[in-house]
Amino acid sequence: MGTRPVLVYDGDCGFCTTSVRCAEKYVRPRCDVVAWQFADLDALGVTRERAEHELLWIAPGGTVYGGAQAVAKLLLSARGGWAVPGAVLTLPLVRRVAHGLYRMVADNRHRMPGGTAACALPAGRRPGAAAGADAEAGRPNAGR
């Protein structure tokens, strides 16, 4: 594990990729960003199932935050006023609501802007799933 946090997202999902790219451009979190399909999940201490299920923030010490709390950590790591909404997302009542909203969006990401029908499929059944397995095994697919 490095000295910087790592943000892990679903690189096969158009909505997820667009969201992460917007966060990189406008929020500018202080972390490394990697699609789970190309991450060394074992080294990060997370399972493929969890990475498929939600956005993950892995702190340098190995603590893993998922879903809305990963978003909170992303915001807290940024410069400027982004830390304020990040801190609000960690408040107990807000945290519970944010979790529900996160799950609703994540479960419907194929309906969100940039989402595709492939986002609704389990990762192993998506187009190019074999390429993701090659990348996970350390054999990047030249066609990706």
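Okay, let's start in helix α4, where Ala68, Gln69, Ala70, Ala72, Leu74, Leu75 and Ser77 are buried. Buried here means under 20% relative accessible area, with exposed over 50% and partly exposed in between, using a 1.4 Å probe and protein chains only. Helices are DSSP runs of H or I with at least four residues, strands are runs of E with at least two, and both are numbered from the N terminus.

Before I go on, a word on the source: this is a predicted model, so local features need pLDDT of at least 70 and side-chain atom pairs count only at pLDDT 80 or more, while totals for chains, interfaces and linings use all residues. Residues are numbered from 1 along each chain as its sequence is written, and side-chain values use heavy atoms, with hydrogens and water left out.

Back to α4. It's mostly covered, with 7 of its 10 residues buried. What sits over those buried residues? The cover includes β1, α1, β3 (56-58), β4 (64-66), α5 (83-88) and α6. Contact, by the way, means heavy atoms within 4.5 Å.

Leu74 counts as buried because its relative accessibility is 8%. Leaving aside residues up to four places away in sequence, Leu74 touches Leu7, Ala23, Val27, Pro29 and Trp57.

Gln69 is buried because its relative accessibility is 10%. With residues up to four places away in sequence not counted, Gln69 touches Leu89, Thr90 and Arg95.

Now over to α6, where we find Leu101. Is Leu101 buried or partly exposed? Leu101 is partly exposed, because its relative accessible area is 48%.

The largest pocket holds about 440 Å³ of space. Of the 23 residues lining it, Phe15, Ser19, Leu55, Val71 and Tyr102 are the closest to its centre. The elements giving two or more residues to that lining are β1 (6-9), α1 (14-27), α3 (48-53), α4 (68-77) and α6 (92-107). The largest share, 6 residues, comes from α1.

The volume is the space filled by probe spheres set on the points, which are joined across faces, edges and corners.

What is the lining made of? It divides into 17 nonpolar, 2 polar and 4 charged residues. Nonpolar covers Ala, Val, Leu, Ile, Met, Phe, Trp, Tyr, Cys and Pro, charged covers Asp, Glu, Lys and Arg, and the others, Gly among them, are polar.

Cysteines next. The count of disulfides is 0, where a disulfide is a pair of cysteine sulfur atoms within 2.5 Å. Cys31 is buried because its relative accessibility is 7%, whereas Cys22 is partly exposed because its value is 37%.

Last, the whole protein: 7 helices and 4 strands, and 37% of the 144 residues are buried.

Methods
1 Å grid on protein atoms, 1.4 Å probe; cavity = no way out; pocket = protein on both sides within 12 Å on 5 of 7 lines; lining within 4 Å.
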